[in-house]
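Welcome! Take a look at the model first, then read on.

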Amino acid sequence: MNTASLAKRLIGHALFWPVTVLVVMLLANIVFTPGFLDIRIEQGHLYGSLIDILLFGAPLILVAIGMTMVIATGGIDLSVGATVAISGALACDLISKGHGLPVAIGTAVGVSVLLGLWNGLLVTRLGIQPIIATLILMVAGRGIAQLITGGQIITINDQGYKLIGGGYWLGLPFAIILVAVALAVTAVLTRRTALALLIEAVGGNAEAARLTGIRSRGLIVLAYVFCGLCAGVAGLMISSNTLSADGNNAGLWIELDAILAVVLGGTALTGGRFSLAGTVLGALIIQTLDTTIYTAGIPPRTTLVFSAAVVTIVCLIQSPAFRARFSRKKRRRPAPPVPTNPQQEVAA
Amino acid sequence: MTAFVLRRAAPFALGRRHVPVLVTLGLFVLAFAIGAVRYENFGSAQVFLDLFIDNAFLIVVALGMTFVILTGGIDLSVGSVVALSGMLCAIGTMKLGLPAPLVIAGVLVIGTLFGAGMGYVIHAFQVQPFIATLAGMFLARGICLTLSENQISIDDGFFDAVALNSLPLPGENRLSWGAVVSLVAVAVVVYVLQWTRTGRNVYAVGGSEQSAVLMGLPAARTKIQVYAISGFCSALGGVLFALYTLSGDPTHALGMELDAIAAVVIGGTVLTGGSGYAIGSVLGVLVLGVIKTILSFEGTLSSWWTRIAIGVLLFGFIALQRLIASRRKATTPV
């Protein structure tokens, strides 16, 4: 295989652009902050900017994994931010009232699953468009979270709970391990079984999938339940990291970041095809962008302008219409030479 | 002549497609009546007029959103553009010392171009509206914060004069000039959607873009147009918001896109596009407004109950829409 076709295959790979963007960002960081890639061990724990990116990005990656499955079915879930807030608020409220960790975590996760089930049923049974079905919980959910916390920020002091989002296990931040396990389980369940195929069939055309004998409705409900579960655990992580629950601000805008991560990873919002690796890359791009802006000393208030620029650039690169426009121009320049003698050409 | 009158009056004739709007109207009347029975002073004309005064900006923003949703799109940038417009009003008059009418005209042009830019990206590069307008939302809010992190008070002769005076109405009632502007906007939008070619194109593209193209309607231009209109309405909403608060603030109107989308949906416009009315969106805003008024009269209820109430209402309306739609079409999706 020659280098030209290898390069062509590389550029053609679905993950080429997300990886390139991430690498460019990390390189830019090394220029700004020389020791950026260093990872050191202190008191048996791993420290470093890269670990920080993974640690702070853990809830987003988790939410984005759930979002990927929903988007793969052709849906979207706007309520994950509200679920994050409700889950954190419930867990902290129960712990502050003297309940044990298993009760608190179990209730929070259980309620998150129920919220996912509610979304799934609205989409499948009532036939409501996903964006609107989940908008209901997005609007009401944050109110519910504030109702649980009484409009206050609940602070707790439970070192066991601290482990989930801010603790270390085997020298690694526990949140990273949790995300790695969730990712591995999801990957194995979807890619080693026919689940991915079924979900993609549903996302491609739910009615056609149903007619071929796939239980579309069940699969769609499953995707929303899984998304709710992921958001619930992410809510535990976020509240555990600060040992507090803030019904108003916990997980604010995380639904947009998660959708963005999925899109940056190359999954189309129309559904029918998904890439878990792409989603993780997308979430890492978002988190790295945040960290880059922070470490490079760019005022945080301009973060959004950079986010907008990156979103626009990555989406344009991935837009087939945008690429077609440029490749067509490239191809047009070396116009095929007009044959001087048509008959000779035919004979040849 | 009779035929002419009938044709002109046709949009007023009531049919099944008006049911969602009528339900919203009924709900608004019911909520207002409950408030009037429950609280003293609630049933006065001024409380009713205050709904328009306090929500003038949201009415205008929801009108723009109605255009976008009628084509089957969505515009997440409206809240940020409202904030940006308010900031530009404050900076233009207070920091640059420019005359207010010039600043307002500039803000409206910037808002329109911003919307048109998003519309162009959506159309030309087939970027999903959700993502393109999300980038627009980040961009506008980011520019706000870059311009200033703090609130800027507006103390300009023109703004003060417009904000502090109001239109006197019979019975010692009053209507702010901002509310008057929003009512004019409602009239213009109703006219454009019901009686102009642009309005017909919007409904056609939302109904089925492919069919619209095959019929020779300018689908591309219409799609860019609706985002430009939404941008204009957001900018106008921002000017009204600046008038209402006499300030520009980078954190103004956070999440207003959701209020606008909720108002449009409560007003009976279907999110897949092609069906709905501007008047419905206005009623949607009034329903949200009357809930907030009731909760503020109640006094003891906290702000989160507003969110829960809006969520429950949204659910009720969407379920109702589905019921009506499924009766019309016996096919069930999925």
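Predicted model: local features only at pLDDT ≥ 70, side-chain atom pairs only at ≥ 80, totals over all residues.

Residues are numbered from 1 along each chain as its sequence is written, and chains are lettered from A in the order in which they are written.

**Where the chains meet**

- Two residue pairs, both at pLDDT 80 or more, are in polar contact between chain A and chain B; that is a pair of N or O atoms within 3.5 Å, one able to donate a hydrogen and the other to accept it, and residues adjacent in sequence count only if both atoms are side-chain atoms.
- On the chain A side, α6(A) gives the largest share, 12 residues.
- That side of chain A divides into 32 nonpolar, 13 polar and seven charged residues; Ala, Val, Leu, Ile, Met, Phe, Trp, Tyr, Cys and Pro count as nonpolar, Asp, Glu, Lys and Arg as charged, and the others, Gly among them, as polar.
- Chain A brings 52 residues to the contact and chain B brings 45 residues (heavy atoms within 4.5 Å).
- About 4100 Å² is buried between the two chains, with 78% of it from carbon and sulfur atoms; buried area is the accessible area (1.4 Å probe) lost on putting two parts together, summed over both.

**The largest cavity**

- There are two cavities of 30 Å³ or more, a cavity being a set of points on a 1 Å grid over the protein atoms alone where a 1.4 Å probe fits but cannot get out.
- The largest cavity has a volume of about 110 Å³, volume being the space filled by probe spheres set on the points.
- Its lining has 14 residues, and A:L78, A:M138, A:L256, B:L76 and B:L258 lie nearest its centre; lining residues have an atom within 4 Å of a point.
- By class, 12 of the lining residues are nonpolar, none are polar and two are charged.

**The second largest cavity**

- About 40 Å³ of space lies here.
- Its lining includes B:V81, B:L84 and B:F114, and divides into six nonpolar, two polar and no charged residues.

Technical notes: Heavy atoms only, no water. 1 Å grid on protein atoms, 1.4 Å probe; cavity = no way out; pocket = protein on both sides within 12 Å on 5 of 7 lines; lining within 4 Å. Helix = DSSP H or I, 4+ residues; strand = E, 2+ residues; numbered from the N terminus.
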